[in-house]
Structures are given as structure tokens and as C-alpha cells.
Amino acid sequence: MNTEQIINNNIVNLGYVIAAIFFIIGLKRLSSPGTAKNGNRLASVGMLIAVLATVLGNNIFGWEWIISSILIASIIGVFSARKIQMTAMPQLVAIFNGLGGSASGLIAAGELYNLIEANSEIAKDTTITIMISTIIGSLTLTGSLIAFGKLQEIMPTRPLLLPARNILNIMLILALIFSAIWLVIEPSYTPFIIAAIIALILGILIVIPIGGADMPVVIALLNSYSGIAGAATGFVLENNILIISGSLVGASGLILTRIMTKAMNRSLLNVMLGGFGVEDGASAGSGEEETRPVKSIQPDDAATILGYSESVIIVPGYGLAVAQAQHQVRELADILKNRGISVKYAIHPVAGRMPGHMNVLLAEANVPYDELKDLDEINSEFQRTDVAIVIGANDVTNPTARTDTSSPIYGMPILNVDQAQSVIMMKRSMSSGFAGVQNELFFLDKTMMLFGDAKDSVENIVKEVKDL
Amino acid sequence: MIDFEILIISITIFVLAIFIGYEVITKVPPTLHTPLMSGSNAISGIVIIGALLVAGSTDGLIPKIIGSIAVGLSVINVVGGFLVTDRMLSMFKKGNDKK
């Protein structure tokens, strides 16, 4: 290595440190809605610095390939970021996770090719890291594609349970370990390709048994994987900025995964084993037919109750987003506020299809973020609230989760909707939620059911409140 | 044994970065979890650097093809990720009516 190269390397590494600082401050600024936008922009500047340092500090051959690739990809990136519907954010993040994972896998493949063609002896730790990077990258790619398919409902969202899947998985994992050891002992293409293919298959098998309701956990986990794949690539290339950024993302994904599993009161293992909602649904269905009466009301009744109350908490669930009723709900909140009524939103961590999804959907409908309250903040307020109005949410309001130890959702943190003075439950039908459990809330004296499409119902309530 | 030394340094950085990530990110409120995911996702597009190094390392055709595809995939991740996060965060507004 000559002097010029050493100086270059130092400049590159200095650039990387600056980029890392930008990433960390950027993420830190994401902790408050007021500074978050700035934080995201700081992080993107960090990325630019890292790329410039790399390009300027290394001899890069063959610009035409790289530039055309960057151009095409930028167009795709800009287009998808602009056009994506907020309800489809989980799909977009799933695809992006997959892209990151596959890039890591390809880099490992390219590096292995370079090393083998150079005919020099390959260090053991390099082959180990190449292997790890390839395996995590491949898993992330196919896992994300399946998650995308389920979210987009191209594939059945219910859990697909293959017969003998446990034995199949164990056999594949053993074969994977075997080919990994083979590659480390004798670096060549065959074990690499075998390992990559097995990891691709495993990615599919891991996500396929997981039901649609558990997708938030899966996306958070794949997010973490895409970060760890990046960090593994950093080990392959001995590149610190890849290791640092990859770890930051990996940690972020893991934290979100934990928050999600906690909000469902399930262990990660339990989610990954899958099948949730299949067995439970069947057992609930085999029970006695529901015959208890419920109180059913019309939009004008709901309007009277809401219009003459003093405080209202709105509990939105994914059903609200499916009905595209966010804007109507915000309109309802606005007229209620004009009548001097206090309105807040209670957001359960699993409302929506990815962590924080419901907040984005409501923000899109111009609901101010300081009205969006999470579980811990709002739960003590229900008992002081006149009306709780539940729109398209179900399991997260089921009081059984507090009391009935035999219930599949027992122990899941819920919103204490049942403690409000009265409850308006907007639903399409009496059907049970994802967990397949009947919601005891429906049968309380204080609960009124308003059946129908959420959007139409809220629209009608708005009209009626205006006429009060 | 120089390789081994580098590996230890890498592991040190890896572990410390995970701790920083954990400390910084636990403070992000649930309201911002979706932007956090898409933003951190864009950051994981940092593999673009690895892709650039592979694509630009030699004039060999195979690394060129593999590297350029990897560059493209990570650029989509970076550009799309940061832009969509920016778009989302622009929607978050504070209520300026009473209180």
C-alpha cells in the first residue's frame, strides 16, 4: 500500500465516521414528531457523505454500469415513494427489506467470486462472514416477498401449514450448516450456491405459516434482518460504516419486534411457529352458537349520544383503514370539537398492519398527532369518558383478555373501552376478530352496536350531528 | 494473525453500535414507529457502499453485473426509503386549536 492509498483510506474512514454521526443524530431526532422530519433528512445527508467518500476514495472501474444502474433505480425509488398509498406502507417496507437483503447476498457473492478468481488463499473468517451475509440476505429476500404477497393479498393471508414442516425445516437447516462448513473448509461455488438456495427456501417456509394478523411482527423482524445482513456484509468487506448502520437498523427492528409481540402477549417463538387463528378459530366455531341479544342502534341515535356528550374517545382499528373512513372520522371529530366536546384517539400498538401504521393513516387525514394517544397514556382516561366509539377494531377491546385465563388472547394488553360510560361499536357484522374469540364487550348493557360500512355510518353520523 | 485483529475490532464496533441503536431507538414513541421503520430501512440501504466496491473493484464482467444489480437494489432502498419517510413525516401536524 503506497502513501497515497493510505491517505485516501484515512479520508474515506473519516467520511464514514461523519456519516455514522449523521445516522445516529438522525435516528435520535426521530423520537419526536417535531424534529423527526429533520432527523430523516440528516440521515439522508449521512448516506450521501458515505457514498461520496466511497466513490472519491477508491478507484472505481466501469462507471457506465454503475451510473445507469443508479439512474434507473432512483427513478423507481422516487416513483414508488410518491405513488404508494399509506394503507400499503407495510407492503412497501416489506419489499424494501427484501431489496436490502438481496443486495447483501449479491455483494457476498461478488466478493466470493473476486476472492476465488484471485486464486489467493481465502481467510476462514472471510468465508464465514460471506456465508452469514448470504444466508441472512437470502432469507430476508424470500421472507419479505412472501410477507408482501400476504399483505397485498395475492397469497392467502391465513397461515399455510405444510405437513411435516418441522422435520422439513430441521433437515434444511442441517443441510445449510453442512454446506456452510463445506464452504469454509473448501471455498468454491458449489457449496455457496447450495447454501443460498436452501436459505431462499427457508425464507419462504418461515413466513408461510404465519397468519395475516401477525404480519406486523414479521415485518419488524425482517427489518431487523435486513440490518443484520448489512452488518454481516460489513464484516465481509471489513467496512465499519456498514457494520455500524447495519447494527443500528438491526437493533431498531428487534425493539419493534419486541414491542409488537408484547402488545399481542405472545412470544416471538410462538409467532414464528405460526398457525395462530387456525386452531383457535376452529375451536371457537365449534362452541355454541351466539344467541345473547345485543343492542343495535342507527346513525341518528349515535349522533344524539355523541352530540350531547362531553368527552369522546375514538378507537380506530384496521377496519377503519379498509373502509377508507379516516377522513370521515376526522370530520366527525372536528364537528364534535366545535361543539366543545373533548375528542381523543386511542391507538393500540397492533392497530394497523405494521408498527405505528394507524398513526400514519390518521395523520394523512390531518388528525393532529397530539390527539393520538397510545395505550398507556389513554387507558386511565376511559372511566372519565362519556362515549368510546370503536371503529373497525375488535380483539384489542375485548375485556376477556383481562379475566378469562382460557381465552387465546388472555393477558394481551387491551384498551379499557368497557370502562367508558357508554360504548358505540361500529362493525360490519357480529363476526369475531382475527383471534377467533367472541368479544364480550358486545353484550354489555352500555354497548350499542352500529352495523354497516364504517365510512357510510360515520358519514351519516356527521350529517345528523350537524342537524342537532 | 492480522485478519483476526480486524475481526475483533469489527465485533467491538458491532456490539457498541447495537447498544447505541437500542438506547436511541427505545425513545421513539409509537406514533412514529412506521416512519422509524421506513427511515431505518433506508439506512440499511448503506449496503450500496459494498455494492459500489464490488461493482467497481475490477473490470471483470461477472462482478460488474452482480455489483451493478446490487447497486440498483440498494439505491431503490435508499431513495425510496428516505423519500417515503419524508412524505409521511410531512403529514404529522400538531393541532393548533385550543389548549
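Residues are numbered from 1 along each chain as its sequence is written, while chains are lettered from A and ligands numbered from 1 in the order in which they are written. As the model is predicted, local features need pLDDT of at least 70 and side-chain atom pairs count only at pLDDT 80 or more, whereas totals for chains, interfaces and linings use all residues.

Chain B has four helices and zero strands, with helices (H or I, at least four residues) and strands (E, at least two) taken as DSSP runs numbered from the N terminus. The radius of gyration of chain B, taken over C-alpha atoms, is 19 Å, well over the 13 Å that the globule rule (2.2 Å times the number of residues to the power 0.38) gives for 99 residues, so chain B is more spread out than a compact globule. Its C-alpha trace spans about 65 × 35 × 15 Å along the principal axes.

Turning to the partner chain, 98 residues of chain A are in contact with 82 residues of chain B. Helix 1 (2–25), helix 2 (33–44), helix 3 (48–57) and helix 4 (61–91) of chain B each give two or more residues to the side that touches chain A. Helix 4 of chain B gives the most, with 29 residues.

Technical notes. Two residues are in contact if their C-beta atoms, placed from the backbone, lie within 7 Å.
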